[in-house]
Amino acid sequence: KKGIDVSVISFAAKNDYELDGVKVYTPQTYKNKLKELRYDILISHAPNLKNHYTFLKKYAKRFNNIIFFFHGHEVLMTSGIYPKPYDFNKRDYFISSKIRYLYDKLKLSVWRNYLQKIAYKSQFVFVSNWMYKMFIKYTKLNPDNIEDRKYVIYNCVGQYFENNNYEIDADKEYDFITIRNNLDGSKYGIDIVTRIAENNPQYKFCVVGKGEFYKYNNKPNNLIWIDKNLSHEEIITYLNRSRCALMPTRADAQGVMACEMVTFGIPLITSNIDVCKEVFEGFKNVAFIENENEYINIEPILKKLENIGEIKKNEKYFAKNTIQKEIELFKTLKG
């Protein structure tokens, strides 16, 4: 929409296609037809070894500018960041964790060596300062070598959350709402939500998302589980029917869903961890809890948030402050 001609190489695509005006190609098409074309920039989005590294080794010399976008696990020692899975999800966990550990060691070693060599014509974009710090910690790259080549640019929220406002005066069916695509990932803290619901029976909780968590764990009577994934329109409907969003997390690079909620304007409670304190800085409608606190009295937290009343929309995650920064970077490199 900004007039930039984009060609996407999809490693999952079986055939070439076009979506919303964007041309998508298989790696084979690039090799056979596009290899000789001149592109201004190569973007490696969430690079992995199997596909991105292989592509870069073959074709990086054909590009004068490369931009790496780092979103999370691709440069993390996952065993040091992500919590252990829930007990019901621990099938073959010992073996898989050992394999993951060895793969992470290999992955970080390969990227450390390669990124040092390619840094002279590369730019590095991170979705949070926390992500950048973890990148330096685990790759062990000298930060001085990329200081003038690194950027922190947050992911934007969808237009629905930019253009719509939370309806404070709408009838509320739920006191607290939690929306997750995957309930079974322990980093998303559904056990924390459940514990809070058990300790605060006077309130009604709603959890939306797919998973098997409540097949193996007790669901309190004051908690409604909706076993589905929602569209943006449906999310807004559920948020307007709720007094407060409850989105604890044990690990995240940014937490886009929670950013969408606070941008929309609903009060939100999340975890008191570094990345959350960073990404929600400047938002008045956010409160923090300690994940390990066995008893959290949610009432005073909710009342404090509701007493804030209607607030001016925070534009931190609007496209003009996120995507536009990416576009400015692209134009700078093109000269």
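Figure 1. The secondary structure comes to 13 helices and 13 strands. This is a predicted model. The C-alpha trace spans about 65 × 45 × 40 Å along its principal axes. A compact globule of 335 residues would have a radius of gyration near 20 Å, and the 22 Å of this protein agrees with that.

Figure 2. Of the 335 residues, 48% are buried. The protein exposes about 17,700 Å². Now take the contacts with a separation of 6 or more: residues 24 or more positions apart account for 68% of them.

**Figure 3. Helix α4 packs against helix α5.** Helix α4 covers residues 93-118, and helix α5 covers residues 129-139. Their axes lie 9 Å apart, at an angle of about 100°. Angles of 65 to 115 degrees count as roughly perpendicular, so α4 is roughly perpendicular to α5. From α4, the residues L108, R112 and L115 take part in the contact. They meet F135, Y138 and T139 of α5. By class, this contact has four nonpolar residues, one polar and one charged. An α-helix has 3.6 residues a turn, so residues three or four places apart point the same way.

Figure 4. Is α5 enclosed or open? Eight of its 11 residues are buried, so α5 is largely enclosed by the rest of the structure. The buried residues are W130, M131, Y132, M134, F135, I136, Y138 and T139. Which elements cover them? The cover includes the strands β5 (66-70), β6 (122-126) and β7 (150-152). It also includes the helices α3 (78-81), α4 and α11 (274-279). Just after α5 comes K140, with a positive phi of about 60°.

Figure 5. Is E234 buried, exposed or partly exposed? Its relative accessibility is 30%, so E234 counts as partly exposed. Leave aside the neighbours within four places in sequence, and E234 is in contact with K228 and N229. G3 sits 231 residues away from E234 along the chain. The C-alpha atoms of E234 and G3 are separated by 31 Å.

Methods
Residues numbered from 1 in each chain as written. Predicted model: local features only at pLDDT ≥ 70, side-chain atom pairs only at ≥ 80, totals over all residues. Heavy atoms only, no water. Axes fitted to C-alpha atoms, helices over the stretch in contact; angles between N-to-C directions. Helix = DSSP H or I, 4+ residues; strand = E, 2+ residues; numbered from the N terminus. Parallel < 35°, antiparallel > 145°, perpendicular 65-115°, else oblique. Contact = heavy atoms within 4.5 Å. Nonpolar A, V, L, I, M, F, W, Y, C, P; charged D, E, K, R; others polar. Rg over C-alpha atoms; globule rule 2.2 N^0.38 Å. Buried < 20%, exposed > 50% of the residue type's maximum accessible area, 1.4 Å probe, protein only. Areas by Shrake-Rupley, 256 points an atom, 1.4 Å probe, with all protein chains shown as cover.
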